[in-house]
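Hi,

Here is the structure I said I would pass on to you. Have a look at it first, and then read my notes below.

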Amino acid sequence: MEPQKQARTPGDPVAWPRGPSSSQTPDDEEGPEGNTAPAAAFLGAEADDACADADDACADALWELPVEPAERRPECSRCSRPQKVCLCPFLPLHPLHISTHLYIIQHPAEENKVLRTVPLLAACLPQDKCKVKIGRRFSEERDPELSTVCRKSDTLILYPGAEAANLEEFILDSPVYPSTIIIIDGTWSQAKDIFYKNSLFRLPKQVQLKTSVSSQYVIRTQPTNRCLSTLECAAAALSILEKNDYIQETLLRPLQALCSFQLQHGAQIRLSKEHLLKNGLYPKPMPKNKRKLRKMELLMNSVKI
């Protein structure tokens, strides 16, 4: 046990270490009016330096500690799901034969989400027909391939809005049958940011799906009852473009299996914000921001936003 140190009062003399550079002069005492004398200032600086050195030493010691990488569960190479909950039995035995090229523009935040649907979609399609581009900003310099695709007359982009044509009606009247469709993968705010801040994505013809079917992706909250997941959008769009309903049925099968498995193991059905607001079940207070409040009111009144 260390001997207890006696508290020093302001009037007690300061004990200096003996050494060649430790001579004390009368000027090294506390000055008048509470000002710090040079001797006291030197002591304080020396103490601060000692504390700083100790902190640096501790930090260095922490950096030298061995870091064990987080152990990840082995993943299936095809469906990208953990091997114990692999969904390959629900995927088609061979990739679907399609003529349409599909480009998925994925927000970086979606890449590492556990319950993402894009890997299931890609696992069902030929690699040369389904390409995933990850990022928030795209330009001709950064991605010449995507720039070329966006400038083609037979390319569509699936994004709802006032200027978007109904996909089913558009292909009936279009002089050039579409060969490529682009879909943005992310939350609605992320998709909006990508669409409006990349001029490339306003070059293709904008189309949307006209459907009253509710999403089967029930383990993730959607803004409205009509909002669909990326996989569901791709399934509907490809079945329309390929004129083959079997494509939609096949692509939805792994999504249905994913949701069923999650619900059996503790997940809960997530109702849309629109449903919660209309039925007085929304758990959060209404936003004070006028723009966000207006969006909430539009959802309650079933007005398309």
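Start by clicking on Leu251. Ignoring its neighbours within four places in sequence, Leu251 touches Leu96, Leu121, Cys124, Leu125, Leu231, Ala235 and Leu238. Keep in mind as you look that this is a predicted model.

Leu251 is also one of the residues with the most contacts inside the largest nonpolar core, along with Leu102, Leu121, Leu125 and Leu167. That core has 42 residues. At least two residues each come from β1 (101-106), α2 (118-124), β3, α4 (167-173), β5 (180-185), α6 (230-242) and α7. Which helix gives the largest share of this core? That would be α6, with eight residues. Apart from this core there is another one, of 15 residues, including Tyr159, Ile184, Ala191 and Phe201.

For the overall picture, the chain has nine helices and six strands. It runs to 305 residues, and 37% of them count as buried. If you take the contacts with a separation of 6 or more, 71% of them are between residues 24 or more positions apart.

Next, the rings. I found four aromatic pairs in the whole structure. One of them is Tyr159 with Tyr196, an edge-to-face pair with 6.2 Å from centre to centre and 85° between the planes. Tyr159 sits in the loop between β3 (155-158) and β4 (165-166), while Tyr196 is in helix α5 (residues 188-196), so this pair ties together parts that are 37 residues apart in sequence.

Now for the charges. Side chains of opposite charge can pair when their charged atoms come close. The count here is nine salt bridges. Glu110 is buried, with a relative accessible area of 3%, but Lys113 is partly exposed at 28%, and so is Arg220 at 25%.

Another salt bridge joins Asp143 and Lys133 (3.2 Å, N to O). Both ends count as buried: Asp143 has a relative accessibility of 12% and Lys133 one of 14%. Through shared partners, salt bridges connect Lys131, Lys133, Asp143 and Glu145 in one network.

The accessible surface of the chain is about 20,000 Å², and carbon and sulfur atoms own 53% of that. Look for the nonpolar surface patch of about 340 Å² made by Leu263, Ile269, Leu271 and Leu281. Ile269 is in the loop between α7 (245-264) and α8 (273-278), and it counts as exposed, with 53% relative accessibility.

Definitions and conventions. Residues numbered from 1 in each chain as written. Predicted model: local features only at pLDDT ≥ 70, side-chain atom pairs only at ≥ 80, totals over all residues. Heavy atoms only, no water. Patch = residues over 30% accessible without salt bridge, like charges linked within 9 Å, V, L, I, M, F, W, Y side chains within 5 Å. Areas by Shrake-Rupley, 256 points an atom, 1.4 Å probe, with all protein chains shown as cover. Salt bridge = Lys/Arg side-chain N within 4 Å of Asp/Glu carboxyl O. Helix = DSSP H or I, 4+ residues; strand = E, 2+ residues; numbered from the N terminus. Buried < 20%, exposed > 50% of the residue type's maximum accessible area, 1.4 Å probe, protein only. Contact = heavy atoms within 4.5 Å. Phe/Tyr/Trp six-rings, centres within 6.5 Å; stacked < 30°, edge-to-face > 60°. Core = buried A, V, L, I, M, F, W, Y, C linked by side-chain atoms within 4.5 Å.
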